[in-house]
Every structure is written in structure tokens, then in C-alpha cells.
Amino acid sequence: TTPMLNRRQRQMCIRDRYLVYKPVGTVSTVDDPQGRPTVIGLVPSTVRVYPAGRLDADSEGLMVLTNDGDLTLRITHPRFGVHKTYVVLVAGVVESATLRRLTVPIELEDGPAAAEAVRLLDQSEGRSLVEVAMAEGRKRIVRRMFDAIGHPVERLVRTAIGPIRDGSLKAGEHRALTIDEIRALYAVGDESADV
């Protein structure tokens with residue numbers, strides 16, 4: 001006979017995986033000593049979930065909250081190639097040559113950083129809108145890279161996590177990841193999913 005599972009063991013078997021749109025002012029931690037709202041408060045999970053990666057308090061956009069450690073590793077470790085895509089509004093008119101500098105390692109205080117891809121989306125009124133794909137997620141890395149090329153970030157929105165996009169989610173909203181989306185995340189790098 002199979003032994004009965006206690007409450008903690010049952011919770012460990014449940015895998016919750018949410019896609020959330022983190023609003024500006026919300027921190028991507030489980031708890032905040034300063035009392036700011038956290039991303040954990042955006043989902044109604046019956047089990048404890050954690051952010052799979054980070055997005056600074058001044059930024060907004062898509063994040064995954066989960067208790068699935070394998071999925072978290074898949075999303076956060078650069079070796080798996082799950083790129084994060086951002087749309088960034090920056091001060092100034094960014095020249096093409098300056099944008100290309102973002103794809104060559106820029107020396108930051110914690111080591112070199114480079115974008116996987118950059119694309120100019122629009123320019124108007126002395127500002128530029130740029131799409132950036134990153135393979136790593138060091139603290140405020142996109143902001144620091146744009147500071148390094150002389151174009152401070154005015155607004156930063158994460159629009160995709162690997163193949164996962166959802167333009168319908170509004171700030172503060174969440175939904176469950178679908179099985180197809182979970183499989184797509186695992187498929188990056190030709191790994192198969194155990195969902």
C-alpha cells in the first residue's frame with residue numbers, strides 16, 4: 001500500500017506556474033523589509049511560489065512565479081538560452097553604431113555584458129524606443145548598459161521570456177502558464193519537459 005502523504009509532502013507535489021505582469025513599484029522578491037508590495041502578492045497560490053528571476057522595482061513586465069525548481073533553473077541560467085526581451089524607452093536619439101555597441105561586451109563594474117540582439121523600434125521627441133534581447137539577468141543590467149552608452153532608461157518593459165509572450169496581461173494581472181508554454185520553455189536548447 002502507498003503511505004499517506006502529509007500536507008507538506010502533498011504541497012511539494014503541486015507545481016504552480018504563473019505568468020504575471022509586474023507593475024512598477026512592485027519588487028520581485030518573496031518578502032520586502034521596507035514593506036513594498038511584492039510579486040508574490042499578485043498570485044493566489046495555495047503553495048509557496050518564488051520569482052524565476054528578477055525585474056527591478058522601477059521596471060515592469062512579464063515574470064514567472066513558480067515552485068518548480070527545474071523550470072526556474074531553465075529560465076534563469078544563461079546556459080539554457082532562455083532570452084528575456086525588453087522594450088526600452090531611452091533618452092536621446094540613439095545612433096545605429098551606438099546601438100551595435102550593446103551587442104559587444106560592455107565593461108560594467110561586475111564584469112562584461114552584451115545583448116544577444118538589439119533593434120531600433122522608433123524615435124521621436126528626443127527619445128528612442130529599442131528592443132533588447134538578453135541571455136543573462138544581472139541586477140539592473142539593461143539599465144546599466146544603456147547608461148554606459150550615454151542613453152539613460154526612462155521606461156523598461158519585459159515583453160517576453162524565451163518564447164512566452166502575452167500582450168493581453170495588464171499591470172498586476174496573472175494567469176497560469178499553459179502546458180504548451182512550459183514545453184516551449186523546456187524546448188529551448190533541445191531539452192524535453194517533464195510536465
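Colleague: R140 has its place in the loop between β8 and α4 (141–148). How are the helices and strands defined here?

Modeller: They are DSSP runs, numbered from the N terminus: helices are H or I with at least four residues, and strands are E with at least two. The protein has five helices and eleven strands. Some ground rules: this is a predicted model, where local features need pLDDT of at least 70 and side-chain atom pairs count only at pLDDT 80 or more, while totals for chains, interfaces and linings use all residues. Residues are numbered from 1 along each chain as its sequence is written, and side-chain values use heavy atoms, leaving out hydrogens and water.

Colleague: Thanks! What is the phi of R140 near?

Modeller: It is near 50 degrees, a positive value in a residue other than glycine. E125 also has a phi near 50 degrees, again positive and again not in a glycine. You will find E125 in the loop between β7 (117–124) and β8 (127–134).

Colleague: How should I read the contacts?

Modeller: A contact means heavy atoms within 4.5 Å. Among contacts between residues at least 6 apart in sequence, 64% join residues at least 24 apart.
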